2 protein chains.
Amino acid sequence: MRPRLSLPLLLALASATALAAPPPKPWRSSAEVIATAPAADWREPKADDLLVMELPQGRVLIELAPRFAPRHVANIRALARAGYWDGLAVLRVQDNYVAQWGDPEAEKNPAGAKPLPPGLPKPGIEFALPFKGLPFQPLPERDAWASVQGFVEGFPVAADPKRNQAWLSHCYGMVGAGRDMAVDSSNGAELYAMIAPARALDLNVPLVGRVLQGIELLSSLPRGSGALGFYEKPEQRTPITRVRLAADLPEAERPALQVLRTDSASWTALLQARRWREGWFVHSHGAVDLCSVSVPVRERPR
Amino acid sequence: MRPRLSLPLLLALASATALAAPPPKPWRSSAEVIATAPAADWREPKADDLLVMELPQGRVLIELAPRFAPRHVANIRALARAGYWDGLAVLRVQDNYVAQWGDPEAEKNPAGAKPLPPGLPKPGIEFALPFKGLPFQPLPERDAWASVQGFVEGFPVAADPKRNQAWLSHCYGMVGAGRDMAVDSSNGAELYAMIAPARALDLNVPLVGRVLQGIELLSSLPRGSGALGFYEKPEQRTPITRVRLAADLPEAERPALQVLRTDSASWTALLQARRWREGWFVHSHGAVDLCSVSVPVRERPR
């Protein structure tokens, strides 16, 4: 059962994976690439795709991914418009894994649970979509988890081109719709944010978006001491003040965020800056991995 | 500058990396593998290699790695025996990166800093060691960061056999010795724990051990709002009550931890259980990565 990797095989593997050659110097820093990215290399998430979750600690801003999970995203928009999450709570924080929010009563006491908006559809399974035709920016690095990997419109994506399948990947800050044992039981009412990468979850549960700002408000919450990191006492939960789409907020309360385009030259330059580092770094690996580079976000310049 | 990966090349890559065949069923769960691991598959860290850091929130237990950074570990033992960290603080928590502790005055006000134990040597650079002869348990998975990867005595290790070099890797929970710009400026007095994987740090700063218990006490601390996650106000820091080697604690206060041996059949079985999952999971990737499986730790059975 133990993997048998002889030293000659290890050496062969090693030579098959020599580092890419370093680019000519001077190497640019990530900070410099981001600071000098032209305006055209930034985009503003649509107000209908931007979920604003207000916690006592501050706002968590989530960009929804309707291309990848259109039916879940439709539900999430409906739930936000119905004020479904207002007064509910962060229920679960499992260290090195996820923070999850929804209705504490939904599972244990369905009779006492907050009603869903009438007619909310069951979205079914939305784990993957066709790879062909996706505006996919590949990473050339080797990856343990998928045959190809890269970015689509700011989201980390893994893919199996032979099966014509692509899926969002469980990198830090990604947001998904929790499900029970039944594979199609997610409805968007219970959401989770990744506070660590966990790519084993890919293709097992639908991802619906990515935290653009405020993930540290979730990642720094006390861990729950119950099974799976659920809080054991109601008073340990973090209450949710309000969740709305940016589109439904008064103009003055709308976030003014911009996200670096992953189909831009600045993004390509940023990846190179992450691969080849100077300054404090004395060794560069010439590599990134799918979850090691998050797509930059900034406030809209005035 | 953009990596050029054509669809045919992507397809070729994909076929070169077909999933390993699933093992025969029934697949065992991780919990079952851990629960049924025989006593011989567990080891107890030496009391001289076990650092006990007491915070107001509880104890953080760190296994030192003298094989990888013997001179830093010698310094850390001397610092613990001198009570150096007692009354110092966690100074920096940078989201999705590191938590760091030491003397707040060390950099900005060296005259007001706590003196180091007299004669504490400068340990120099301890980033890597020879690969040959290491008791290395390889992972067969593809890896973006190194030509080979695996585990040595419970620690995640990456290696370049062609250069006969191996190094500890910056996975979640690993502990390192901070340094300034000078590549040899770490001395073990300022330590950090990884609250996220960051393998770009490998070969840039010495790793000295791994948190066996209590990492969630560090990962759930508020993030610092200063540059690099340093706290801006002294009262935001977490005070360190005491740091000692287990060897120097009264018998009753010594941790009784056991770590699963990474050269055991149980470890091999655990990796398989992480690659192939049942129960809630409907899709298995047949893969792990170096930082996705942490080595199990338990209390010594009575």
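## A tour of the salt bridges, disulfides and interface

Begin in chain B by selecting Asp95(B) and Arg223(B), whose side chains form a salt bridge with N to O at 2.7 Å; a salt bridge here is a side-chain nitrogen of Lys or Arg within 4 Å of a carboxyl oxygen of Asp or Glu. Asp95(B) sits in the loop between strand S4 (89-94) and strand S5 (98-102), and Arg223(B) in the loop between H5 and strand S13 (238-239) of chain B, so the bridge ties together parts 128 residues apart in sequence. Helices (H or I, at least four residues) and strands (E, at least two) are DSSP runs, numbered from the N terminus. Arg223(B) is buried, at a relative accessible area of 16%; buried means under 20%, exposed over 50%, and partly exposed in between (1.4 Å probe, protein chains only).

The model is predicted: local features need pLDDT of at least 70 and side-chain atom pairs count only at pLDDT 80 or more, whereas totals for chains, interfaces and linings use all residues. Residues are numbered from 1 along each chain as its sequence is written, chains are lettered from A and ligands numbered from 1 in the order in which they are written, and side-chain values use heavy atoms, with hydrogens and water left out.

**Salt bridges in chain A**

Next, select Asp48(A), Asp49(A), Arg77(A), Arg81(A) and Asp248(A), which salt bridges with shared partners join into one network. Arg242(A) is partly exposed at 23% relative accessible area, while Glu54(A) counts as buried at 17%.

A further stop is the pair Arg28(A) and Glu32(A), with N to O at 3.6 Å in their salt bridge. Arg28(A) is partly exposed at 35%, and Glu32(A) is likewise partly exposed at 38%. Over all chains, the count comes to 36 salt bridges.

**Disulfides**

The structure holds 2 disulfides over all chains, a disulfide being a pair of cysteine sulfur atoms within 2.5 Å. Select Cys171(A) and Cys291(A), joined with an S to S distance of 2.0 Å. The torsion about their S-S bond is about -75°, so this disulfide is left-handed. Cys171(A) is buried at 5% relative accessibility.

In chain B, select Cys171(B) and Cys291(B), whose sulfur atoms are 2.0 Å apart in a disulfide. Cys171(B) lies in the loop between strand S9 (165-168) and strand S10 (174-177), and Cys291(B) in the loop between helix H6 (265-275) and strand S16 (297-299), so the pair ties together parts 120 residues apart in sequence. Cys171(B) is buried, with a relative accessible area of 4%.

**The interface of chain B and chain A**

Finally, display both chains and select the contact (heavy atoms within 4.5 Å), which takes 66 residues from chain B and 66 residues from chain A. The buried area is about 5700 Å², with carbon and sulfur atoms giving 65%; this is the accessible area (1.4 Å probe) that two parts lose on being put together, summed over both. On the chain B side, highlight Arg142(B), Trp145(B) and Trp280(B), which lose the most area to chain A, together 14% of what that side buries. Across this interface the rule finds 0 salt bridges.
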